[in-house]
Amino acid sequence: MKKIYSVLVENRSGVLAKVAGLFARRCFNIDSLAVGETFDKEVSCITIVSSGEKSTLEQVEKQLNKKIDIIKIKTFSEEDSLSRELILVKVKYNKNNRRELMEICELLDASIVDMSKNQMTIQLCDTPEKTDLLMQMLASISVVEVARTGTLALQKCRLSDQ
Amino acid sequence: MLGADAMAKCLEEEGVEAVFGYPGVAICPFFNSMLGNNIERILVRTEQNAAHAANGYARVSGKVGVCVATSGPGATNLITGIATAYADSIPLVCITGQVDSSLLGSDVFQEADITGAVESFVKYSYLIKKVEDIPRIFKEAFYIASTGRKGPVLIDVPIDIQNAVLKNFSYPEEVNLRTYKPTVKGHAVQIKKVFDALKKAKKPIICAGGGVILSNAKSELREFSHKNGIPVVSTLMGIGAMPTRDPLYYGMVGNNGKSYANKAMNDSDLLIMIGARVADRAIAQPDLVTENTILVHIDVDPAEIGKNVGPTIPLVGDIKSIFDDFKKEELNSDYSEWIETLNKYREAEKPRRKPDEKYVDPAVFITKLSEKMEEEGIYVADVGQNQMWSCGYHIVKNGMFLTSGGMGTMGYSIPAAIGARRAAKDRQIIAVCGDGSFQMSMMELATMMQHGLFIKIVVFHNGYLGLVREYQYNTYKANYSVVDLSGSPDFCKLGEAYGIKCVRVSDMQGIDEKIDEFISYDGPMLMELMIDPMDRVK
């Protein structure tokens with residue numbers, strides 16, 4: 001199973017290394033990772049997607065909680081979250097497949113953000129499933145390079161929220 | 001005031017009596033500032049042993065042990081000692097010198113990224129970047145090391161910070177860590193559940209770990225066990241939580257433990273693990289434990305609960321505080337039938353050892369030695385066959401049994417006993433090691449002599465790395481590799497070279513008188529025991 005950890009940490013040097021080191025040492029998986037400042041400059045948010053047995057995922061949270069630089073951990077399942085990834089894909093194109101590429105972009109709500117005579121860069125910001133799908137669709141076309149962020153996630157808003 | 005003066009002042013504020021360390025250029029400002037106070041500076045002979053000595057000191061005094069080393073190799077030499085303390089949850093503050101902060105990261109002479117290197121063996125670490133932070137960081141370090149699940153904290157101080165001027169020194173009264181608030185008090189609902197389970201149980205048993213001793217709850221455990229007639233077994237780190245000959249104590253569990261202890265644990269219908277990690281050496285198959293047993297797991301560290309085995313009733317909190325809450329509950333259950341069964345198990349245990357009479361029998365020797373030891377005596381076992389024999393045959397009265405449990409670090413006993421001596425000037429302290437472990441720390445005989453921290457040392461001499469040899473005997477059909485200790489010195493001559501009284505004992509003849517003489521001798525003494533090179537633990 002998969003779980004998303006939204007980890008608020010003290011914005012100090014070495015904290016990301018400590019968190020990543022903990023995962024490595026205890027053989028926990030990191031499927032994806034994203035780090036950024038929060039509105040409070042002293043606090044960063046690390047979003048980690050991890051997969052494993054239920055008991056392992058519980059250990060992940062407990063071991064994270066022991067780290068003194070970690071302020072707060074929120075965990076939620078994929079269904080309970082709003083997740084986004086950003087992907088940039090540079091592809092080679094020619095007269096024959098240009099049309100097809102544009103159709104893919106249109107269908108998936110991706111945009112062409114840069115281009116030259118032979119190459120173009122496609123951007124998509126969407127759910128991890130959608131970014132995966134874009135990758136699949138482009139697989140048959142000559143991909144030059146790919147840059148992709150980790151998953152960013154927040155818990156979905158609920159009726160009961162104050 | 002300089003940063004180094006502030007560091008020394010912080011140690012005074014914390015009531016530190018002694019530091020164990022080894023100097024080098026990067027920590028020289030600190031040692032220079034230490035000349036201005038009454039804190040004893042004990043020079044060890046290699047940095048690893050500074051951490052072990054601080055470890056022994058901490059366990060006996062109940063305070064935080066302090067060790068100090070210089071940058072680079074000094075700091076990296078500390079690591080095994082830090083990992084040893086971390087594995088057994090011993091509170092240490094480790095101070096290391098560091099190169100000038102403007103040179104950090106440029107691989108200058110004796111630079112090592114020590115905070116990075118120890119990350120997985122410390123509770124927390126600091127690299128001080130501003131001289132003004134020194135008082136706050138020291139206060140936090142001592143607080144973190146000694147609260148919750150105890151453990152080592154490292155403070156790395158670049159030399160320019162030690163030499164920087166600090167205008168105002170004020171030591172904080174309190175720490176303010178928004179992210180660190182260990183749970184002390186056990187949850188009332190969970191406590192009630194424990195008692196409900198106890199009321200239903202017919203065959204309850206307590207398994208006491210090192211946490212009982214660390215939270216200073218030995219007398220609470222004994223009182224609870226006696227008041228309610230609940231039997232107790234222990235892990236290796238829990239030895240000494242109950243007196244060995246307490247009628248309700250059924251020995252150490254695990255693959256090197258007593259078979260009746262393991263049988264008691266397996267047959268119980270309610271197992272209460274207290275301050276124990278459920279680690280592999282104690283419980284080989286955690287899943288089997290919970291098959292027919294209700295498991296209560298009590299620990300100050302929530303991450304230990306459910307790590308190796310899923311408990312039925314988890315209870316997080318400081319053990320002493322939890323026992324205090326237990327006192328308020330009434331339990332009128334009668335487990336005498338179960339006790340009778342356990343007594344039968346115990347009586348059925350037959351001695352399996354067949355020692356060669358040409359040598360000293362370590363098992364009989366250890367029992368005799370511990371019977372003759374003072375009520376409050378401290379026995380420090382090393383690692384190897386000596387440790388297994390010590391676990392099996394040492395009789396703890398009201399004293400302490402110290403050893404490196406989690407990490408199993410050879411060479412622990414002598415420096416730890418020296419540190420223990422600094423904490424307890426009047427108690428009887430005996431380090432027991434093998435000829436392998438002795439040679440890992442024999443340089444510390446000089447530390448003992450220099451600082452008058454006299455201990456008694458027993459060396460089991462079999463000319464082998466015995467426990468590995470035994471493993472090779474069992475696993476590789478006695479094809480021995482790299483376990484022969486030929487080339488070892490004459491231990492008595494070596495001891496005498498340091499001015500230590502030494503005696504070599506070849507067999508059991510007159511052993512009682514020899515032990516009496518060893519114990520009553522006023523001063524440092526080493527007893528070398530010739531044991532059967534082929535002897536095995538069981």
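Me: Happy to start with the helices: at what angle do helix 11 of chain B and helix 14 of chain B pack?
Reply: Keep in mind that this is a predicted model. Helix 11 covers residues 259-267 of chain B and helix 14 covers residues 336-348 of chain B, and their axes lie 9 Å apart. The packing angle between these two helices is about 150°.

Me: Is the crossing of helix 11 of chain B with helix 14 of chain B left-handed or right-handed, and which residues make the contact?
Reply: Helix 11 of chain B passes helix 14 of chain B in a right-handed crossing. The residues in this contact divide into four nonpolar, no polar and two charged. Helix 11 of chain B contributes B:Tyr260, B:Lys263 and B:Ala264, while helix 14 of chain B contributes B:Leu342, B:Tyr345 and B:Arg346.

Me: Nice! Now for chain B's helix 1: how many of the 11 residues are buried?
Reply: The buried residues are B:Gly3, B:Ala4, B:Asp5, B:Ala6, B:Met7, B:Ala8, B:Lys9, B:Cys10 and B:Leu11. Their cover includes strand 1 (18-21), helix 2 (28-34), strand 3 (65-69), helix 6 (134-146), strand 6 (152-158) and helix 7 (159-163) of chain B. Helix 1 of chain B is largely enclosed by the rest of the structure, so the number to remember is nine of the 11 residues.

Me: Which residue takes a positive phi just after helix 1 of chain B?
Reply: Helix 1 of chain B spans residues 3-13. Just after this helix, a phi of about 75° is taken by B:Gly15.

Me: Over in chain A, which strand gives the most to the side of domain 1 that touches domain 2?
Reply: Chain A is divided into domain 1 (2-76) and domain 2 (81-154), and eight residues of domain 1 are in contact with six of domain 2. On the domain 1 side, strand 1 (2-10), strand 2 (32-37) and strand 3 (43-51) of chain A each give two or more residues. That side divides into five nonpolar, three polar and no charged residues. With three residues, the one that gives the most is strand 2 of chain A.

Me: How far apart are the centres of domain 1 of chain A and domain 2 of chain A?
Reply: The centres are taken over C-alpha atoms. For these two domains of chain A, the separation is 29 Å.

Note on methods
Residues are numbered from 1 along each chain as its sequence is written. Chains are lettered from A and ligands numbered from 1 in the order in which they are written. This is a predicted model: local features need pLDDT of at least 70, side-chain atom pairs count only at pLDDT 80 or more; totals for chains, interfaces and linings use all residues. Axes are lines fitted to C-alpha atoms, for helices over the stretch in contact, and angles run from 0 to 180 degrees between N-to-C directions. Helices (H or I, at least four residues) and strands (E, at least two) are DSSP runs, numbered from the N terminus. A crossing is left-handed if the near helix is turned anticlockwise from the far one by less than a right angle, and right-handed if clockwise. Two residues are in contact if their C-beta atoms, placed from the backbone, lie within 7 Å. Ala, Val, Leu, Ile, Met, Phe, Trp, Tyr, Cys and Pro count as nonpolar, Asp, Glu, Lys and Arg as charged, and the others, Gly among them, as polar. Domain bounds come from an automatic or database domain assignment. A residue is buried if 20 or more other C-beta atoms lie within 10 Å of its own, exposed if 12 or fewer, and partly exposed in between; C-beta atoms are placed from the backbone.
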